[in-house]
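Trainee: I'm new to reading structures like this one. Could you walk me through some features?

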Amino acid sequence: MASSTTAYWRGIRAALPFLLVVAPFGMLFGVVGTEAGLNLAQVMGFSVVIIAGAAQFTAVQLMQEQAPTLIVLASALAVNLRMAMYAASLAPHLGPAPGWQRILIAYFNVDGTYALSHMEYEAKPALTLSEKVGFYMGTATVICFPWYLATWIGAVLGASIPAGLSIDFAVPVAFMSFFAPALRTLPHVAAAVTAIILAILLQGVPYSLWILLAGAGGMIVGAELERRMAK
Amino acid sequence: MTGWSDATIWTIIVALGVGTFTIRFSFLGLLGDRDLPDWLLRHLRYTAVAILPALVTPMVLWPNATGGQTDPARLTAAILALAVGYWTKNAIATIATGLAALFALQALGV
């Protein structure tokens, strides 16, 4: 127990810098959701039930554009598909944990908890299962709980923001902050450029299906380029 | 929210919650530590850097706030934010650049 408690605190310390990202993003979602006309319970519902920033922004944006419900769901879930990769890469480390722990681990699987924990497990292969779970829960404590609080603060503040400010621009800028720092390799850049070009060319496709088509096109180009470069 | 009933909004929240949890639980809970095929992992690696840029493109080129007209100030601020995000790999610097650039350009009357 003692070693998993130590690991828990180590996880908390490792995640502290993420507060600088979680706090403004959570507040921004609260503001944007409120400005879009969601009530406080609905804004909090997004952050507590879904707990995935980029997908939450995606859903609210598409709802404002009056996209069909199925497109809202498919597009927001497509944004979250990367988490299947996170789950797969955590499975060798956390897969043996008891069922109720895996349920909590899955719920808290966001970019920050995954990145920090995976780095820790790779750097310290000797960690026991309970230490690994402890560290993960430490990162989740710092990254996920403040997400709720920040959303609430943003939602309450959002109701009092004057209409003249260009708050609409915060949404595309927030999206850019999700993907621009992730453009680490040539295939990443190729995937993004392909998706942008397809998004422009396919605007006329009905039901906002261009999002999924452009996204799939970008993924295929990125994956194919990676495969060819690895040869 | 205009055009959406409370019931539909909550349906979307719950459906996205269940769908997102299923994705997160998938290979951790249901399929154990079975290895995924390489081609699938390779494609999943590019979901974020493909779908997010696609989503953002029309928001930047044809913003609702300007009635769908391309706005030089928003376009310039977006390109600056993208460049800063790419070079610094820093999310907060990306947002700060985009918003500061837009406010500055609007103050200059662009």
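Trainee: Which residues of H4(A) and H11(A) meet each other?

Mentor: This is a predicted model, so keep that in mind throughout. To read a helix pair, list who touches whom on each side. From H4(A) you get Ala54(A), Phe57(A) and Gln61(A). Facing them in H11(A) are Val171(A), Ala174(A), Phe175(A) and Phe178(A). By class, that contact has six nonpolar residues, one polar and no charged.

Trainee: How do the axes of H4(A) and H11(A) cross?

Mentor: Look at the angle and at the distance. H4(A) covers residues 53-64, and its axis comes within 11 Å of the axis of H11(A), crossing at roughly 150 degrees. Angles over 145 degrees count as roughly antiparallel, so H4(A) is roughly antiparallel to H11(A). The crossing is left-handed.

Trainee: Which helix of chain B does H11(A) pack with, and at what angle?

Mentor: H11(A), residues 170-179, packs with H3(B), residues 47-61. The angle is about 160 degrees, and the axes are 9 Å apart. That makes H11(A) roughly antiparallel to H3(B), and this crossing is left-handed.

Trainee: Which residues meet where H11(A) and H3(B) pack?

Mentor: On the H11(A) side, find Val171(A), Pro172(A), Phe175(A), Met176(A), Phe178(A) and Phe179(A). H3(B) brings Ala48(B), Val49(B), Leu52(B), Pro53(B), Leu55(B), Val56(B), Met59(B) and Val60(B). Sort them by class and you get 14 nonpolar, no polar and no charged residues. Val171(A), Phe175(A) and Phe178(A) are also among the residues that meet H4(A).

Trainee: Zooming out, how many residues of chain B are in contact with chain A?

Mentor: For a whole interface, count each side, then ask which elements supply the residues. Here 65 residues of chain B are in contact with 78 residues of chain A. On the chain B side, the elements giving two or more residues are H1 (6-30), H2 (38-44), H3, H4 (72-88) and H5 (91-107). H1(B) gives the most, with 19 residues. By class, this side of chain B has 41 nonpolar, 18 polar and six charged residues.

Trainee: How does the radius of gyration of chain B sit beside that of a compact globule?

Mentor: The idea is to hold the value up against a reference. A compact globule of 110 residues would have a radius of gyration near 13 Å, but chain B has 19 Å. Its C-alpha trace spans about 60 × 40 × 20 Å along the principal axes. Buried residues make up 43% of the 110 residues in chain B. Then there are the contacts with a separation of 6 or more: 32% of them in chain B are between residues 24 or more positions apart.

Trainee: Let's finish with one residue. Is His93(A) buried or exposed?

Mentor: Count the neighbours around the residue. A residue is buried if 20 or more other C-beta atoms lie within 10 Å of its own. His93(A) has 22 C-beta neighbours inside 10 Å, so His93(A) counts as buried.

Trainee: Where is His93(A), and what is around it?

Mentor: His93(A) is found in H6(A), residues 82-94. Leaving aside neighbours within four places in sequence, His93(A) is in contact with Tyr121(A) and Lys132(A). Also check Pro125(A): 32 residues away along the chain, its C-alpha atom is separated from that of His93(A) by 9.3 Å.

Key: Residues numbered from 1 in each chain as written. Chains lettered and ligands numbered in written order. Predicted model: local features only at pLDDT ≥ 70, side-chain atom pairs only at ≥ 80, totals over all residues. Axes fitted to C-alpha atoms, helices over the stretch in contact; angles between N-to-C directions. Helix = DSSP H or I, 4+ residues; strand = E, 2+ residues; numbered from the N terminus. Parallel < 35°, antiparallel > 145°, perpendicular 65-115°, else oblique. Left-handed = near helix turned anticlockwise from the far one by under 90°. Contact = placed C-beta atoms within 7 Å. Nonpolar A, V, L, I, M, F, W, Y, C, P; charged D, E, K, R; others polar. Rg over C-alpha atoms; globule rule 2.2 N^0.38 Å. Buried ≥ 20, exposed ≤ 12 C-beta atoms within 10 Å, placed from the backbone.
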